[in-house]
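Keep the sequence and the 3D view open as you read.

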Amino acid sequence: MRDTLRFGIVGTGFIARVIAQGLVDAKNCALVGVASRCISRAQEFGQQFGDVKGFDSWQDLIAWSGVDAIYIATPTALKEEIAVVAAQQKKHVLVDKPFATLESLQKITVACRENQVLFMDATHFVHHPRTAAIKQTMEETIGQVQAMRSAFYFPLSDRSNIRFNPELEPKGALGDLGWYNMRATVEFLAPNINLSQISVKVKRDTETRGIVRVCGMLAFDDDSTSTWDAGYTSGAVTMDLALIGTKGIITLDDFVLDWVNSFAFKNPHLKAGFYLKNGMDTRGDVKFIEVKSEQSSQVKMVENFADVVFNGVTNSTTNYYQVSEKTQALLDAISGCV
């Protein structure tokens, strides 16, 4: 059995380059192919990451016997078709978020189940060991999470950016950034709860009509809530998360991309972790719990993906499908109120 999972990438944009580097750095993955509508662009991309074969169609890349898994980094409107075809041709599928709709996502996950290949959405932060550490300790340290607050902003005003194009990215900032608010909601609130109330406020770009800011509140049938805020209109990057439990509070200011070692930030003098506050703790009493990671989240993500493939895709791996579907279901519910 091979110990290296051979990846092909569909797309040559910024996030495709991030994952390409992650594949190069991973111990059990290799980047072997890339597809673009322009063969010269595919070849130029591939040359940056070693001996990578270029294709001028995603169909040819998927059909190639030299590839085991496909990472899809295309506009949202194109993901479903590519992912379904990849699954049907027995290729494992890693897809950049978000998805057009829950129905579209489920067509992908059904195809993956039927063909016994792995599906995973490319949400980096859930693979940082900090996320597992919080989930494993929060019942003891902060009790039941009754409220979650999250904010994800980064400054962006370039209207030529695909995020401003409602045809290619219909959910705009809601899908692009709000996905992380919703994923945190799924990860940290109680499982198997049902949405009972939605409140949403949306701001659209005056020219393109793309969604550039969105905020709101979700309430669930166990009385827990998630208040959230996301957009491109802030003057500084913001990645705040607070988990308010019955016995304490956990906070982070970098829940999406850690300040220490992510593709966007390299600050080795800082520490990755989270803050814990209990009782009447003042600012001076708040504890910082360090959670070290030798790898960036994107490298850990592709390594985890390969480990699952090599260990065998079984019913136990469908948790990846379920958390993606729950996240997209929340986005769809919010979209229905926009």
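## Charged pairs and ring pairs

R130 and D254 are both buried, where buried means under 20% relative accessible area, exposed means over 50% and partly exposed is in between (1.4 Å probe, protein chains only). Before going further, a word on what you're looking at: this is a predicted model, in which local features need pLDDT of at least 70, side-chain atom pairs count only at pLDDT 80 or more, and totals for chains, interfaces and linings use all residues. Residues are numbered from 1 along each chain as its sequence is written, and side-chain values use heavy atoms, with hydrogens and water left out.

Back to our two residues. Their side chains form a salt bridge, 2.8 Å from N to O; the term means a side-chain nitrogen of Lys or Arg within 4 Å of a carboxyl oxygen of Asp or Glu. R130 sits in helix α6 and D254 in the loop between β12 and β13, so this bridge ties together parts that are 124 residues apart in sequence. Helices (H or I, at least four residues) and strands (E, at least two) are DSSP runs, numbered from the N terminus.

How many salt bridges does a search of the whole structure find? It turns up 15. Here are three of them:

| Salt bridge | N to O distance |
|---|---|
| R130 and D254 | 2.8 Å |
| D68 and R6 | 2.9 Å |
| R113 and E325 | 3.9 Å |

The bridge between D68 and R6 also links distant parts of the chain: D68 is in the loop between α3 (58–63) and β4 (69–72), R6 is in strand β1 (residues 5–10), and they are 62 residues apart. D68 counts as buried at 11% relative accessibility, while R6 is partly exposed at 23%.

Then there's R113 with E325. R113 belongs to helix α5 (residues 102–114) and E325 to helix α10 (residues 319–335), so parts 212 residues apart in sequence get tied together. R113 is partly exposed at 37%, and E325 is buried at 15%. Salt bridges can also join up: D121, K135, R183 and E187 are linked in a network of them.

Now for the rings. The whole structure has 15 aromatic pairs, and one of them is F125 with F255. Why is that pair called edge-to-face? The ring centres are 5.6 Å apart and the planes are at 80°, so the pair gets that label. The rule is that rings of Phe, Tyr and Trp (its six-membered ring) pair if their centres lie within 6.5 Å, with planes under 30 degrees apart counted as stacked, over 60 as edge-to-face and the rest as tilted. F125 is in the loop between β6 (119–121) and α6 (129–142), and F255 is in the loop between β12 (248–252) and β13 (273–278), 130 residues apart. Are these two buried or exposed? F125 is buried at 4%, and F255 is buried at 3%. Ring pairs also connect F125 and F255 with F152, F154, F164, Y180 and Y232 in a cluster.

One more stop: N181, in helix α8 (residues 178–188). At 0% relative accessibility, N181 is buried. Leaving aside neighbours within four places in sequence, N181 is in contact (heavy atoms within 4.5 Å) with several residues, including F152 and F255, which are also members of the ring cluster.
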